[in-house]
Amino acid sequence: SPLKENAYFSHLVRYQKMYLLLLLMLVLGSAVLSNVKAEKPFFSGSESYYHLTQAREATWRTFYYYPLQWLDQAGGFPALLVLPVFFSISSLALLWRITKQWGISPAAMLIFSCFLILSPTFIIAFTTLSHASLFLFLFLSGITLLWQKKKSVRYWAILPLIGITFIDCN
């Protein structure tokens with residue numbers, strides 16, 4: 001196909017992880033900078049503040065907020081900034097691993113990843129503390145573990161999949 005013969009596209013496909021991570025940082029960074037420039041709070045949307053409030057008031061009944069509470073207490077705002085970035089990079093890495101295991105072509109993965117990163121849903125999910133980013137991360141973790149060759153590793157997939165059941169989607 002003419003696209004595969006194009007030197008620029010071949011270069012993009014070959015080094016797609018580097019370019020996609022750069023695109024990810026540019027997209028998420030521009031969303032954050034636009035909030036800062038407009039003097040809006042960093043975490044836009046009520047969902048982020050709902051989760052922060054729940055984390056600060058966490059009890060044994062809402063034990064799943066303990067990691068967020070610990071992160072807030074240990075590092076404050078800078079530590080909380082790392083969380084959406086961690087989930088976005090980890091989710092992309094897991095997605096790349098799954099598509100490689102399933103035999104999806106690198107060119108198709110490049111195009112799909114570009115559309116994914118540039119989608120408004122992805123941008124909103126990974127610039128806030130949202131249940132969508134946690135759900136995607138846990139789901140991809142579970143699928144990755146299920147597709148491992150070692151049978152003993154597959155059993156660990158139950159942990160992230162059970163974790164999904166604790167996500168509060170108010």
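1. Basis. Residues are numbered from 1 along each chain as its sequence is written, and side-chain values use heavy atoms, without hydrogens and water. In this predicted model, local features need pLDDT of at least 70 and side-chain atom pairs count only at pLDDT 80 or more, while totals for chains, interfaces and linings use all residues.

2. Largest pocket. A pocket is an open set of points on a 1 Å grid where a 1.4 Å probe fits, with protein on both sides within 12 Å along at least five of seven lines; lining residues have an atom within 4 Å of a point. The largest pocket holds about 630 Å³, a volume being the space filled by probe spheres set on the points. Among its 24 lining residues, Tyr64, Pro67, Leu68, Phe87 and Leu134 are closest to the centre.

3. Its lining. Helix 5 (66–102) and helix 8 (131–146) each give two or more residues; helix 5 gives the most, eight. Helices are DSSP runs (H or I, at least four residues), numbered from the N terminus.

4. Second largest pocket. Its volume is about 240 Å³. It is lined by 14 residues, with Gln16, Lys17, Trp96, Lys100 and Pro106 nearest its centre.

5. Helix pair. The axes of helix 5 and helix 8, lines fitted to C-alpha atoms over the stretch in contact, come within 9 Å and cross at roughly 30 degrees. The two helices are therefore roughly parallel (angles under 35 degrees, on a scale from 0 to 180 between N-to-C directions). Residues in contact (heavy atoms within 4.5 Å) include Phe86 and Phe87 in helix 5 and Ser133 and Leu134 in helix 8.

Key:
Parallel < 35°, antiparallel > 145°, perpendicular 65-115°, else oblique.
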